Amino acid sequence: MLTLLAKLFNALNSESSTRQISLAIALGFIVGLSPLLTLHNIAFIFVVLFLRVNIGGFIVAWGFFKGLSYLLSSLIVTVGESLLTAKSLHPLFDALYQSSLFKIGHLHHTYTLGALVLGCLLAVPLYYLSNFLIEKYRLHIKAFFEKFRIVKALKASKFYCIYSHVSGQGEL
């Protein structure tokens with residue numbers, strides 16, 4: 001737990017671009033909402049590995065949004081069910097169901113389709129929101145909190161020792 005928090009703070013305080021961290025959060029959102037072993041999740045993981053995104057931020061976002069997906073499961077199923085039962089989309093899904101790739105991707109399941117659609121739709125606003133929040137954090141909040149005595153005391157604790165080890169600033 002402390003290591004994941006240290007990785008999150010390491011990502012926020014690193015020299016990485018805010019766009020890289022925001023993209024990692026948005027991609028972690030998409031992968032975290034849907035079931036783990038789906039074709040589109042594997043494709044998004046390859047995208048994460050090929051693009052310059054913060055891997056630590058992606059893993060933390062993935063874990064966080066995987067937990068959040070259990071709370072949003074009824075909404076995800078509702079979105080998937082409404083798409084699969086829409087009369088105007090029946091010819092499209094009938095044609096897609098004839099392809100093996102659609103079957104392997106499990107997009108005929110309400111939860112998988114709903115998670116993919118909801119994840120892709122909400123990933124764009126999440127990207128911009130997280131980019132804005134990270135910029136504000138780096139400009140105002142980080143400098144504000146470093147002035148407090150408790151922060152100075154925390155820097156002497158085991159948590160800061162783990163944080164500095166993860167960030168490469170020191171040894172354990």
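Contact is taken to mean heavy atoms within 4.5 Å. By this criterion, residues 24 or more positions apart account for 74% of the contacts in the chain with a separation of 6 or more. The structure is a predicted model, in which local features need pLDDT of at least 70 and side-chain atom pairs count only at pLDDT 80 or more, while totals for chains, interfaces and linings use all residues. Residues are numbered from 1 along each chain as its sequence is written, and side-chain values use heavy atoms, with hydrogens and water left out.

The chain contains 10 helices and 0 strands, where helices (H or I, at least four residues) and strands (E, at least two) are DSSP runs numbered from the N terminus. The order of elements from the N terminus is accordingly α-α-α-α-α-α-α-α-α-α. Of the 172 residues in the chain, 35% are buried; buried denotes under 20% relative accessible area, exposed over 50%, and partly exposed the range in between (1.4 Å probe, protein chains only).

Helix α2 has 16 residues and spans 23 Å from its first C-alpha to its last, close to the 22 Å expected at 1.5 Å a residue. The expected span is 1.5 Å times one less than the number of residues in the helix. Burial covers most of α2, with 14 of its 16 residues buried.

Two packed helices are described by the angle between their axes and the distance between the axes. Here axes are lines fitted to C-alpha atoms, for helices over the stretch in contact, and angles run from 0 to 180 degrees between N-to-C directions. Angles under 35 degrees count as roughly parallel, over 145 as roughly antiparallel, 65 to 115 as roughly perpendicular and the rest as oblique. A crossing is left-handed if the near helix is turned anticlockwise from the far one by less than a right angle, and right-handed if clockwise.

The axes of α2 (residues 18-33) and α4 (residues 55-71) cross at roughly 40 degrees and come within 7 Å. This crossing of α2 and α4 is right-handed. On the α2 side the contact involves Ala24, Ile25, Leu27, Gly28, Phe29, Val31, Gly32 and Leu33, which meet Gly57, Phe58, Ala61, Trp62, Phe65, Lys66 and Ser69 of α4. These residues comprise 10 nonpolar, 4 polar and 1 charged, with Ala, Val, Leu, Ile, Met, Phe, Trp, Tyr, Cys and Pro counted as nonpolar, Asp, Glu, Lys and Arg as charged, and the others, Gly among them, as polar.

Between α2 and α3 the axes come within 10 Å and cross at roughly 160 degrees. The two helices α2 and α3 are therefore roughly antiparallel, and their crossing is left-handed. Leu27, Ile30 and Val31 of α2 meet Asn41, Phe44, Val47 and Val48 of α3. The contact of α2 with α3 consists of 6 nonpolar residues, 1 polar and no charged.

Helix α3 (residues 39-50) packs on α4 at about 155 degrees, with the axes 10 Å apart. This angle makes α3 roughly antiparallel to α4. The crossing of α3 and α4 is right-handed. In this pair, Ile45, Val48 and Leu49 of α3 meet Ile55, Phe58 and Trp62 of α4; the residues in contact are 6 nonpolar, no polar and no charged.

Isoleucine 59 is located in α4 and counts as partly exposed because its relative accessibility is 43%. Asparagine 131 lies in α8 (residues 110-145) and is buried, at 12% relative accessible area. Leaving aside residues up to four places away in sequence, asparagine 131 touches Thr18, Arg19 and Ser22.
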